[in-house]
Amino acid sequence: MDVFELGDIAKILGMPIAKAKNWTIGRPMTIEASIRTATGHGSRNLYSLEDVYLMGIANALSKAGMAAKAIGKLVGAIRTKFPNGLGALDTLFISRGEKLTYRIETREDRFPSDTVVQLAIDVPALRATVDREVRKLRQQ
């Protein structure tokens, strides 16, 4: 089993460590570690590869201009909707309606008619990029 610390995740995803840290401590969202949550001074959160994929999706949404609070809600919804992970997903479609309600789908034809914003995330490509960066990290 692959185990990652926060610094590893930031390096794998090419994001600032401060941003990754904020996203794990509730500023303004929390992406929780699934292997172990830090419990005291000096202990560290330990993340799974699936957590890295999820942080990668959050990072993609951030780069697309989505607000952090909305990303936090979507990350929680993705974890709930896909409890076995993102491995079987092809493309993840995210839409926003006029009333600022978000929707997560696996098929584009399920968007409601009042959709204002549509985002598509190529999950296999994201996983491949993360896996390649993990291999590089392990070779160092």
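Author: Begin with the sheet. Three strands form an open sheet in the order S2-S1-S3, with antiparallel pairing. The model is predicted: local features need pLDDT of at least 70, side-chain atom pairs count only at pLDDT 80 or more, and totals for chains, interfaces and linings use all residues. Residues are numbered from 1 along each chain as its sequence is written, and side-chain values use heavy atoms, with hydrogens and water left out.

Reader: What makes S2 and S3 edge strands?

Author: Strand S2 (102-105) and strand S3 (115-122) each pair on one side only. A strand here is a DSSP run of E with at least two residues; a helix is a run of H or I with at least four; both are numbered from the N terminus.

Reader: How do you know that S1 pairs with S3?

Author: Two strands pair if DSSP finds at least two bridges between them. Seven bridges join strand S1 (residues 91-97) to S3, so they pair, and they run antiparallel. Phe93 stands opposite Ala120 in S3.

Reader: Which strands does helix H5 touch?

Author: Helix H5 (residues 123-139) packs on the sheet and touches S1 and S3. Contact means heavy atoms within 4.5 Å. The direction of H5 makes about 45° with that of S3. Axes are lines fitted to C-alpha atoms, for helices over the stretch in contact, and angles run from 0 to 180 degrees between N-to-C directions. Helix H4 (residues 68-81) lies across S1 and S2, running at about 35° to S2.

Reader: Why is H3 called oblique to H5?

Author: The axes of helix H3 (residues 49-63) and H5 come within 10 Å and cross at roughly 125°. That angle makes H3 oblique to H5. The cut-offs: under 35 degrees is roughly parallel, over 145 roughly antiparallel, 65 to 115 roughly perpendicular, and the rest oblique.

Reader: What is the handedness of the crossing of H3 and H5?

Author: H3 passes H5 in a right-handed crossing. Leu49, Val52, Tyr53, Gly56 and Ile57 of H3 make the contact with Leu126, Arg127, Val130, Asp131 and Val134 of H5.

Reader: How do the residues of that contact divide?

Author: Seven are nonpolar, one is polar and two are charged. Ala, Val, Leu, Ile, Met, Phe, Trp, Tyr, Cys and Pro count as nonpolar, Asp, Glu, Lys and Arg as charged, and the others, Gly among them, as polar.

Reader: Why is H1 oblique to H5?

Author: The axes of helix H1 (residues 6-13) and H5 come within 9 Å and cross at roughly 120°. That makes H1 oblique to H5. H1 passes H5 in a right-handed crossing. Asp8, Lys11, Ile12 and Leu13 in H1 meet Val130, Glu133, Val134 and Leu137 in H5. This contact divides into five nonpolar, no polar and three charged residues.

Reader: How do you know that the radius of gyration agrees with a compact globule?

Author: With 140 residues, a compact globule would have a radius near 14 Å; the protein has 15 Å, which agrees. The radius is taken over C-alpha atoms, and the globule rule is 2.2 Å times the number of residues to the power 0.38.

Terms used: Left-handed = near helix turned anticlockwise from the far one by under 90°.
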